[in-house]
Amino acid sequence: MAARGFPYTDLKDFLAALEREGELRRVGVPVDPTLEISEIVTRTVRADGPALLFEQPTRGEMPLAINLFGTEKRTAMALGVESLDEIGNRIGEMLKPELPVGFSGMMGGLGKVMQLKSMPPKKVKTAPCQQVVYRGDDVDLNRLPGLQVWPGDGGIFHNFGLTHTKHPETGKRNLGLYRLQQHSHNTLGMHWQIHKNSTAHHAVAERLGQRLPVAIAIGCDPVVSYASSAPLPADIDEYLFAGFLRGERVEMVDCLTVPLQVPAHAQVVLEGYLEPGERLPEGPFGDHTGFYTPVEPFPVLHVEAMTMQRNPVYHSIVTSKPPQEDHGLGKATERIFAPLLRFLIPDIVDYDLPAAGVFHNCAIVSIRKRYPKHAQKVMNAIWGAHMMSLTKLIVIVDEDCDVHDYREVAFRAFGNVDYARDLLLTEGPVDHLDHSSYQQFWGGKAGIDATRKLPEEGYHRGWPEEMTMAPEVVSLVDKRWKEYGI
């Protein structure tokens, strides 16, 4: 069931919907974007509090919206569903390989085709994001209420800028969500990580000795904002995916100074280029790992044009160790991509990416175990599945274990494991931001087989029966519970 008013035209439309549902609070007093907003947001997130609209940040010329995805409820609302699993189910239906049967099957197949036809973005000639235009010397990033989130941060950062690039040779577009350090009134540090597609685009441009055009959209509608964070395969356009989620095409407009397109209803757009070979120190930055990432050299964006809506709203996010707002985004990815992961690895029944593992450090996976070392087969398949390759710890449990019940998972992982036999150790890629690996970009990984062990796996003691109460007793106590006065 779609949320009322979905799909949202732009960020302001979504904020209005949140306010109608009691999910938004306005902060009308002046608040400092250096540290003060961060502390307010962190306390609000940890209390499962509302989205916030700071109407008078003491830096910049516009209100600041934050914590929009801080709960699963708001994330589902952002994507127009009652439950995030609804989107995963839609994807699962489209992945089914069987042919339509009968008239109803043909109509169902036609419906899927119509869904697909709604995906491609739609080009428009004029757009709200270009109502106000600053060029050249008039560009000033200080118009934006960028945040300093933690005391040790290297300066002001813009944390929800949707970065657009194109492959210099193929023209293939990429949309990514990367932090942006403000170096000056018209330059930004581009912290795109080694595993990201934009990094590959930049490498090709440098090999060719060319500038790389870049456009950054801030304050997009919530579906486009989510799509920028989704771990899509390289051959799937993020705007096709956003169109699928919205159920209608995303309107795009040509930039004024670079050969790129951006969402027509973005609040703010920054246009510019990277000089080949140019780097500046970027960081430190307090990241979702809970630690400061160190200073490293990253490319520099020279902003030549800055366009925006009249009376724009700036969008940002706070990063820290969990819990934090990105939990909502990560949980959406987990549920939306569950059918795709099961399609790639049919052995999987369900999986969970714990927020405490910042979504790529740990995966809990249930399987319907059918043969010896089945768990180890699934571990290796996960480490070979796109961005799941960055997962450091995989815990495999039987299908009767609820992967979202961490107590039950811990019971299995602590008690069902002989670590001399059931622990798989290997090495492979890790996240760019991982501070624990002894060298950057790769490190050790572990898989824990917490399933029931088979005789064929060398377990000859006879796996014991787990204790469960007789169903008739459970039913009796349910009926009499009020009588007990407990």
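R143 forms a salt bridge with E61, with 3.4 Å between the closest N and O atoms. A salt bridge is a side-chain nitrogen of Lys or Arg within 4 Å of a carboxyl oxygen of Asp or Glu. R143 lies in the loop between β5 (132-135) and β6 (157-166), and E61 in the loop between β2 (51-57) and β3 (64-66), so the pair ties together parts 82 residues apart in sequence. Helices (H or I, at least four residues) and strands (E, at least two) are DSSP runs, numbered from the N terminus.

R143 is buried, with a relative accessible area of 16%, whereas E61 is exposed, at 54%. Buried means under 20% relative accessible area, exposed over 50%, and partly exposed in between (1.4 Å probe, protein chains only).

## Basis of the model

This is a predicted model: local features need pLDDT of at least 70, side-chain atom pairs count only at pLDDT 80 or more, and totals for chains, interfaces and linings use all residues. Residues are numbered from 1 along each chain as its sequence is written, and side-chain values use heavy atoms, with hydrogens and water left out.

## Other salt bridges

The structure holds 30 salt bridges. One of them joins the side chains of R74 and E23 (2.9 Å, N to O). R74 is in helix α3 (residues 72-78) and E23 in the loop between α1 (11-20) and β1 (24-31), 51 residues apart. Both R74 and E23 are buried.

D400 forms a salt bridge with R452, the closest N and O atoms being 2.4 Å apart. D400 is partly exposed, with a relative accessible area of 44%, and R452 is partly exposed, at 30%.
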